[in-house]
Amino acid sequence: MYYVVVRSYSTLQYAELNGKTDRNVRGVRKTAIKQIRKKYKAALETRLLHLPWTLTLDEKYYLENGVRNKDEKNSKK
């Protein structure tokens with residue numbers, strides 16, 4: 001839920017609401033997203049071991065490449 005709330009505000013808006021700098025907010029958001037992705041990957045790997053046929057194509061792509069889609073992979077370069 002934290003991820004959705006942080007993503008719905010700009011860094012400046014969120015910083016003003018919490019009395020922080022926008023640079024700090026970007027760092028906190030990046031850390032939160034990284035933690036969510038680690039947990040998501042762990043959950044997918046567990047499903048892959050026990051119920052591999054339940055993974056969607058997008059989930060399989062994420063496990064193989066570490067990103068949700070090709071566009072996201074290209075934008076990281």
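This is a predicted model: local features need pLDDT of at least 70, side-chain atom pairs count only at pLDDT 80 or more; totals for chains, interfaces and linings use all residues.
Local features need pLDDT of at least 70 and side-chain atom pairs count only at pLDDT 80 or more, while totals for chains, interfaces and linings use all residues. Residues are numbered from 1 along each chain as its sequence is written, and side-chain values use heavy atoms, with hydrogens and water left out.

**Overall architecture**

- The protein chain has five helices and zero strands, where helices (H or I, at least four residues) and strands (E, at least two) are DSSP runs numbered from the N terminus.
- Along the sequence, the pattern of the protein chain reads α-α-α-α-α.
- Among contacts in the protein chain with a separation of 6 or more, 16% are between residues 24 or more positions apart, a contact being heavy atoms within 4.5 Å.

**Packing of H2 against H3**

- Helix H2 (residues 11-18) and helix H3 (residues 22-50) have axes that come within 8 Å and cross at roughly 105 degrees; axes are lines fitted to C-alpha atoms, for helices over the stretch in contact, and angles run from 0 to 180 degrees between N-to-C directions.
- H2 and H3 are therefore roughly perpendicular to each other, a label that covers angles of 65 to 115 degrees.
- On the H2 side, Thr 11, Leu 12, Tyr 14 and Ala 15 meet Asp 22, Val 25, Arg 26 and Arg 29 of H3.
- By class, this contact of H2 with H3 has four nonpolar, one polar and three charged residues, with Ala, Val, Leu, Ile, Met, Phe, Trp, Tyr, Cys and Pro counted as nonpolar, Asp, Glu, Lys and Arg as charged, and the others, Gly among them, as polar.

**Salt bridges**

- The structure holds two salt bridges, each defined by a side-chain nitrogen of Lys or Arg within 4 Å of a carboxyl oxygen of Asp or Glu.
- One of them joins the side chains of Arg 26 and Asp 22 (3.2 Å, N to O), which are four residues apart in helix H3 and so separated by about one helical turn.
- Arg 26 is partly exposed at 40% relative accessible area, and Asp 22 is also partly exposed at 26%; buried means under 20%, exposed over 50% and partly exposed in between (1.4 Å probe, protein chains only).
- A salt bridge also joins the side chains of Glu 59 and Arg 47 (3.1 Å, N to O); Glu 59 lies in helix H4 (residues 57-65) and Arg 47 in helix H3, so the pair ties together parts that are 12 residues apart in sequence.
- Glu 59 is buried at 13% relative accessible area, whereas Arg 47 is partly exposed at 28%.

**Surface and burial**

- Of the 77 residues of the protein chain, 19% count as buried.
- The protein chain exposes about 6,400 Å², of which carbon and sulfur atoms supply 55%; accessible areas come from the Shrake-Rupley method with a 1.4 Å probe, and for residues only the protein chains shown count as cover.

Notes: Angles under 35 degrees count as roughly parallel, over 145 as roughly antiparallel, 65 to 115 as roughly perpendicular and the rest as oblique.
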